[in-house]
Amino acid sequence: MRDPRGVEANESDQPAVSAGSLTGDGPADGGAPAGSAGEAELTGVGTSGRLPSTATGGDGDHTGKRIVREIMSGSALVSVLAVVVALVIGGLLIAVTDKRVAAASGYFFAEPGNTFAAAWTAVSEAYGALLRGATYDPGARTWLGQLGIFETLTFATPLILAGLAVTIAFRAGLFNIGAQGQIILGATFAGAVGFGLDLPPVIHLLAVIVAGAIGGAIWGGIAGVLKARTGAHEVIVTIMLNYIALSLVLYLLKNQLKAPGSTNPVSPAMKDSAVFPLLLGDNFRLHAGFLLAVVAVVAIAWLLNRSTLGFELRAIGANPSAARTAGMIVSRGYIVVMLISGALAGLAGVAQISGTEKSLDSEVAGSIGFDAITVALLGRSTPWGTFFAALLFGAFKAGGTSMAVNADVSIDIVLVVQSLIVLFIAAPPLIRAMFRLKTPSTRGAGA
Amino acid sequence: MKLELKGITKSFGSLVANDHIDLVVQPGEIHGLLGENGAGKSTLMNVLYGLYEPSSGEILIDDKAVKFSGPADAMAAGIGMVHQHFMLVPVFTVAENVALGKEATGFAGVLDLEQTRKKIRDISAKYGFDVDPDAVVEDLPVGVQQRVEIIKALVRDARILILDEPTAVLTPQETDELISIMRQLKDSGTSLVFITHKLREIKAIADTITVIRRGKMVGTALPSAATTELAALMVGRSVSLALNKADATPGEETFRVRNLTVMDDAGHRLVDDVSFGVGTGEILAIAGVQGNGQTELTEAVLGLHKHVKGSVTLDGRELVGRNVRQVLDAGVGFVPEDRQIDGLVEHFSIAENLILDLYGKAPFSRGSTLNRAAIARHAEAKVVEFDVRTPSASVPVGTLSGGNQQKVVLARELSRPLKLFIASQPTRGVDVGSIEFLHKRIIAERDKGTPVVIVSTELDEVLELADRIAVLYAGALMGIVPGKSSRSLLGLMMAGLTATEAQAQLDASATTAEGELS
Ligand SMILES: Nc1ncnc2c1ncn2[C@@H]1O[C@H](COP(=O)(O)OP(=O)(O)OP(=O)(O)O)[C@@H](O)[C@H]1O
Ligand SMILES: [Mg+2]
């Protein structure tokens with residue numbers, strides 16, 4: 001590519017590589033080197049020759065855990081390549097669907113060069129617009145349009161927080177699919193305090209933040225308690241809780257939380273004292289919630305890597321049997337981590353309602369709770385990895401509009417690229433096969 | 001089929017695990033491979049099996065150079081491998097596991113298991129394996145799972161079979177059975193590469209022995225060589241195989257187990273009304289065939305079991321009903337039977353594993369913050385003290401060789417003041433030099449005045465360490481006998497006779513023998 005900007009779009013992900021290795025995760029290590037090439041993925045899963053344990057509560061879902069763990073701990077290279085390949089395929093789609101390319105391909109055999117030139121133009125225009133929209137566009141008319149980077153940060157804010165929620169749960173061995181529901185609950189609690197109460201300025205915002213964290217923590221905690229006490233699988237429970245959260249907020253919006261006089265299920269607006277102050281004046285939407293998100297990243301990085309609690313959670317996540325034998329209380333760990341995870345997702349809800357939405361409706365969580373899973377996957381479930389992955393997704397959102405407007409490319413392309421990223425991240429063997437990377441190996445083969 | 005490795009070198013970063021190794025396996029030969037923990041035996045075999053690409057060197061089969069890009073290539077070339085940690089899918093049946101990766105399919109890709117079942121039955125019949133193709137793997141004893149691995153290789157027409165420490169997980173009977181299977185395989189023309197730390201086994205069955213030390217080939221030996229000679233060749237110094245320990249001077253019985261009964265969820269008795277005591281400065285070894293309640297007994301003491309009746313006291317304090325943390329805090333050091341499952345977190349560094357149950361204590365943490373400097377210092381010291389062979393203490397423990405992983409567990413549990421030390425299979429997979437060292441450490445712990453309980457299925461280890469020996473059979477205590485009891489007595493007790501019955505039987509057979517003589 002002569003125009004390198006199309007590539008730069010994903011450079012925001014690059015630091016994730018170094019940030020990842022800072023957190024002391026050790027080398028990438030998925031399953032064990034497996035019995036044979038053909039059965040590599042399957043056999044890696046069942047290496048333990050353990051007989052059914054008669055000790056307290058064995059994990060029935062060992063196999064699934066292993067697979068998810070391999071996905072989550074895939075190397076940074078896999079993350080970067082997944083993004084690159086997704087962008088390349090997205091580029092092909094742009095080229096194929098472009099009208100000028102179609103026109104030029106009508107006389108492809110006479111003038112093949114024209115088709116390629118048209119394709120090149122289409123793709124570079126689209127990704128150029130995406131990149132400029134997400135960062136800096138000197139040609140735009142408004143301040144907001146020129147400095148898209150701040151829109152990127154704004155979109156990234158709830159993604160960072162919700163991504164952290166998925167990340168920390170995963171590090172303790174739990175797959176929290178329920179960020180969506182926890183965001184909704186967080187936003188609902190935050191909203192109830194934000195438009196329902198009159199408090200002095202700073203205190204009001206603090207109360208909103210705390211309420212949001214509590215709301216999310218309750219929702220996460222339910223899944224944690226059910227997991228710890230009954231062994232109910234957290235994936236199932238959190239999915240169910242997502243539905244319950246949505247129905248609950250709809251019910252409340254039609255009754256207790258409905259704005260007076262409104263016919264729609266929308267709450268009153270947040271009081272001025274309950275919203276995040278804007279960081280860059282009225283021209284930009286960037287709000288103090290972003291600072292909260294950065295603080296959360298630092299805090300979670302500390303918690304996971306430097307604190308005794310984090311040590312415990314990581315041990316439980318990596319090997320619950322060894323953790324139990326070392327005196328850790330696994331069930332308590334599950335509850336604690338789901339409370340923290342839920343609280344983080346709840347804060348994402350606060351970032352939504354006190355940062356950008358300003359009132360509660362049933363769409364308050366958008367697709368953040370689900371994008372958060374991708375973000376955590378892409379960030380390889382390290383706090384800083386998650387941070388940079390969230391920035392990338394924020395950039396997709398911020399730049400996607402500009403791409404649609406300025407390059408006349410459907411915004412759905414962004415969705416396609418995001419989905420492809422999920423696909424490639426979730427199938428590291430695919431990426432490894434494409435680039436002939438070596439299977440990450442710890443040993444396990446006959447130690 | 002003749003196999004030749006020429007100048008194989010394999011490095012992991014700066015660590016050279018295999019350094020120009022030459023090895024020839026003749027057709028129909030059983031080739032023993034000896035070496036210390038971390039010498040590079042498994043690495044060499046993984047190279048041979050296509051799991052690792054050698055940094056240099058070549059593999060020749062029947063004098064033709066071959067190159068493997070994965071185990072599939074190696075299998076196609078007739079090489080099969082049974083890893084120490086089995087690669088079976090626990091929830092699949094035997095037939096499904098055997099078919100995996102080489103599925104015979106019928107019309108429209110429908111899995112044709114019948115063909116596989118038939119092959120399994122054929123091989124079972126030929127070698128007397130007694131394996132049911134439809135049994136689910138996780139329900140099978142370890143020894144049978146191992147046979148499934150062997151069948152897997154044979155179904156793929158392996159003509160060279162690599163067995164990496166196959167006996168480490170087997171009971172003595174299972175080991176004998178495996179050895180006879182190996183003989184049959186040899187007679188039918190299969191070549192075998194056999195790795196073990198038990199010199200007795202290798203002397204019993206190997207045709208030639210290659211010794212590797214620190215990645216280099218240091219020599220070959222014949223099985224007729226003396227055990228001490230082999231040990232010296234492996235370790236590079238002379239090893240004393242007999243431990244000259246002083247007699248115990250047991251003090252007060254500070255650890256007492258009274259009428260301990262452990263049940264599983266279904267109400268079956270795993271440990272049945274067991275009572276014993278261990279004095280300070282004394283080692284009680286618990287012998288028995290694997291699966292007779294030893295594991296559950298130790299786990300119950302640690303607080304890992306739900307359904308426990310009876311009493312366990314340490315220094316007069318009741319331990320039953322307490323959680324693991326409280327038991328550990330009461331001064332118990334615990335080495336679990338299976339290091340990979342219960343003892344270590346594979347993805348954690350050596351340093352982190354060395355504080356797995358100490359992270360909450362000074363100096364490893366202050367308040368809720370880990371003290372990384374103290375953790376690193378501790379790790380450096382323990383790696384040196386226990387001779388853990390590793391490039392650094394910050395590598396994941398999973399990259400260590402098996403025996404070195406075991407040393408990490410022992411190092412952790414022996415590095416704090418203890419009131420009781422319980423170890424299950426303390427030297428499983430550990431080389432002779434390190435066994436000597438670890439046994440000395442355990443005796444030193446005893447001589448400090450700690451009551452020690454050792455669970456071991458190795459009779460050699462039991463006889464070497466024990467001041468007294470308790471034998472469990474079907475969860476019940478068959479009696480406690482002195483540490484110097486005879487193997488035959490212990491053998492009878494392990495088969496379910498009480499100490500007095502066993503003694504009576506021995507006396508009876510002794511008198512008949514005498515009677516015949518006179
Ligand atoms: N995947 C890996 N990454 C890094 N180092 C490794 C890896 N595999 C093995 N090693 C190192 O290579 C050396 C040789 O290990 P190997 O497993 O071959 O020893 P071994 O002779 O089989 O020992 P044991 O008898 O204890 O099983 C060890 O120092 C080990 O730490
Ligand atoms: Mg080995």
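Phe421(B) stands opposite Val452(B), a residue of β20(B). The model is predicted: local features need pLDDT of at least 70 and side-chain atom pairs count only at pLDDT 80 or more, whereas totals for chains, interfaces and linings use all residues. Residues are numbered from 1 along each chain as its sequence is written, chains are lettered from A and ligands numbered from 1 in the order in which they are written, and side-chain values use heavy atoms, with hydrogens and water left out.

Strands (E, at least two residues) and helices (H or I, at least four) are DSSP runs numbered from the N terminus, and two strands pair if DSSP finds at least two bridges between them. Strand β19 (residues 420-424) of chain B runs parallel to β20 (residues 452-455) of chain B, and 4 bridges join them. An open sheet of 6 strands in chain B has the order β16-β19-β20-β13-β21-β22, with mixed pairing. Its edges are β16 (332-335) and β22 (476-482) of chain B; each has a single partner strand, so one side of each is left without a neighbour in the sheet. From one strand to the next, the twist averages 15°.

Helix α14 (residues 402-413) of chain B lies across β16 and β19 of chain B and runs at about 175° to β16(B). Helix α17 (residues 487-494) of chain B also packs on the sheet, where it touches β21 (468-473) and β22 of chain B, and its direction makes about 30° with that of β21(B). Contact means heavy atoms within 4.5 Å; axes are lines fitted to C-alpha atoms, for helices over the stretch in contact, and angles run from 0 to 180 degrees between N-to-C directions.

In strand β1 (residues 3-12) of chain B, 7 of the 10 residues are buried (under 20% relative accessible area, with a 1.4 Å probe and protein chains only), so β1(B) is largely enclosed by the rest of the structure. β1(B) pairs with strand β2 (residues 15-25) of chain B in the antiparallel sense over 7 bridges, and Ser11(B) has Val16(B) in β2(B) as its bridge partner. The two strands, β1(B) and β2(B), form a hairpin with 2 residues between them, and Gly13(B) in the turn has a positive phi of about 60°. β1(B) is also joined by 5 bridges to strand β4 (residues 56-61) of chain B, and these two run antiparallel. Here Glu4(B) stands opposite Leu60(B) in β4(B).

Conventions: Buried means under 20% relative accessible area, exposed over 50%, partly exposed in between (1.4 Å probe, protein chains only).
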